[in-house]
Amino acid sequence: MFSLLQVPRCRIHCLANYWGETFHSFNKTYGDNSSTIRLLSSKTYGLQGGQRKKWTRRPITTNTEGTGRTKSRSTKNEILSETILTSATVNVHKAPIDQSQAIQDCVIQQEIAQNKDLSSLVTVIVFDIETTGFSREKDRIIEIALRDLQGGENSTFQTLVNPQRDILNSEIHSITTQMVDRPDVPRMEDLVPILMRYVQSRQKPKGHVLLVGHNARVFDVPFIIHEFRRCSTEIPLDWLFLDTMSLARDLRNSDGTKLSSKSLAALQELYRIKVDGEAHRAMVDVNTLTSILPRLTYDLNLTLSDLVFKKSFRGSDIVDSKNKKKSS
């Protein structure tokens, strides 16, 4: 499939070709050899690697899925989260954003535009969150998962999050108050710097991150922005986002498609994707979208360049749009 795609004049590899080896490896090793960082950890790390006791040490597993059931899968090279945290540093941007952001945004775009091989500059990470409800102001994130499409050791990150409130929508994602109201589950204020360090550890030198989620523009990214700001932190300037729901919309509007709706479930049915685990758990949905993404971009004939320049957006775009609506 990958060899059929054309390479643009600037010699940027097509997205499917860029990910071909990654997905081949993913299909062979998923469930057995993928190394997942799970935050059932013993310590919370300060921004410079300092540590303070916060959580209780517990064994780590690769996935926790279903209604109160834990599926432990054997993994090679299981590691604790502090492996990456102590060696990495992160620049946390305190709210509010200063006027230099616009200049920095332009610099980011120029760096990407001048680089002819985007695969050496852009790290593509699929992500998903689960929440206590639909209101970004009133509700909280209770689970987050990420998968770096480069693959390799520590290419996935997954944790429950303690929202410090009761969960009243467990019927959607099977996450209960008892699962998150525990001393070994991090609160968002503890998780934000750890999450940022993890993403930074996956970035290429002087590179940028493209975070891919389904319905990300309307749901996931506004939630993340609000949670970050609640913790007095801004989304890093080198994070770009891609909403695959807009790609699903493009595919549905194209001729000859059999896509019944723009939902992740409809895409999964169209491409006959089978993923172990129940839907609406963060890592299960991440793995589903990971399998859908190369097929979807292939059908739309999209390159990595197309996704970065034509389809991506920044967290500041959502903030600016919200501010314009308030002022109008």
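Contact here means that heavy atoms lie within 4.5 Å. Keep that in mind as you look at this chain, which is a predicted model: local features need pLDDT of at least 70, side-chain atom pairs count only at pLDDT 80 or more, and totals for chains, interfaces and linings use all residues. Residues are numbered from 1 along each chain as its sequence is written, and side-chain values use heavy atoms, with hydrogens and water left out.

**The chain as a whole**

- The chain has twelve helices and eight strands; these are DSSP runs numbered from the N terminus, with helices being H or I of at least four residues and strands being E of at least two.
- Of the 328 residues, 54% count as buried, where buried means under 20% relative accessible area, exposed means over 50%, and partly exposed is in between (1.4 Å probe, protein chains only).
- Among contacts with a separation of 6 or more, 73% are made by residues 24 or more positions apart.
- The accessible surface of the chain is about 15,700 Å², and 48% of that belongs to carbon and sulfur atoms; such areas come from the Shrake-Rupley method with a 1.4 Å probe, and for residues only the protein chains shown count as cover.

- You can find His 173 in helix α4, which covers residues 170-173.
- His 173 is buried because its relative accessible area is 2%.
- Leaving aside neighbours within four places in sequence, His 173 is in contact with Glu 130, Thr 131, Ile 142, Ile 167, His 280 and Arg 281.
- One of these, His 280, is 107 residues away along the chain, yet the two C-alpha atoms are separated by 5.0 Å.

- Ala 282 belongs to helix α10, which runs over residues 282-299.
- With a relative accessible area of 0%, Ala 282 is buried.
- Apart from neighbours within four places in sequence, Ala 282 is in contact with Asp 128, Glu 130, Glu 143, Ile 144 and Ala 145.
- Ile 142 is 140 residues from Ala 282 in sequence, and their C-alpha atoms are 9.6 Å apart in space.
- Leu 296 is also found in α10, and its relative accessibility of 0% makes Leu 296 count as buried.
- Not counting residues up to four places away in sequence, Leu 296 touches Thr 244, Leu 247, Ala 248, Leu 251, Leu 267 and Tyr 271.

**How helices pack**

- Two packed helices are described by the angle between their axes and the distance between the axes.
- Here the axes are lines fitted to C-alpha atoms, for helices over the stretch in contact, and angles run from 0 to 180 degrees between N-to-C directions.
- The axes of α8 (residues 244-253) and α10 come within 11 Å and cross at roughly 45°.
- Helices α8 and α10 are therefore oblique to each other: angles under 35 degrees count as roughly parallel, over 145 as roughly antiparallel, 65 to 115 as roughly perpendicular and the rest as oblique.
- The α8 and α10 crossing is left-handed, a term used if the near helix is turned anticlockwise from the far one by less than a right angle, with right-handed used if clockwise.
- On the α8 side, Thr 244, Leu 247, Ala 248 and Leu 251 meet Leu 289, Leu 293, Leu 296, Thr 297 and Asp 299 of α10.
- By class, this contact of α8 with α10 has six nonpolar, two polar and one charged residues; Ala, Val, Leu, Ile, Met, Phe, Trp, Tyr, Cys and Pro count as nonpolar, Asp, Glu, Lys and Arg as charged, and the others, Gly among them, as polar.
- Helix α6 (residues 188-202) and helix α7 (residues 216-230) have axes that come within 9 Å and cross at roughly 110°.
- That angle makes α6 roughly perpendicular to α7, and the crossing of α6 and α7 is left-handed.
- Met 188, Glu 189, Val 192, Leu 195 and Met 196 of α6 make this contact with Glu 227, Phe 228 and Arg 230 of α7.
- The contact of α6 with α7 has five nonpolar, no polar and three charged residues.

- Most residues other than glycine have a negative phi.
- Asn 215 is not a glycine, but has a positive phi of about 65°.
- Asn 215 sits in the loop between β7 (208-213) and α7 and is partly exposed, with a relative accessible area of 23%.
- Ser 232 has a positive phi too, near 55°.
- Ser 232 is in the loop between α7 and β8 (239-243), and a relative accessible area of 39% makes Ser 232 partly exposed.
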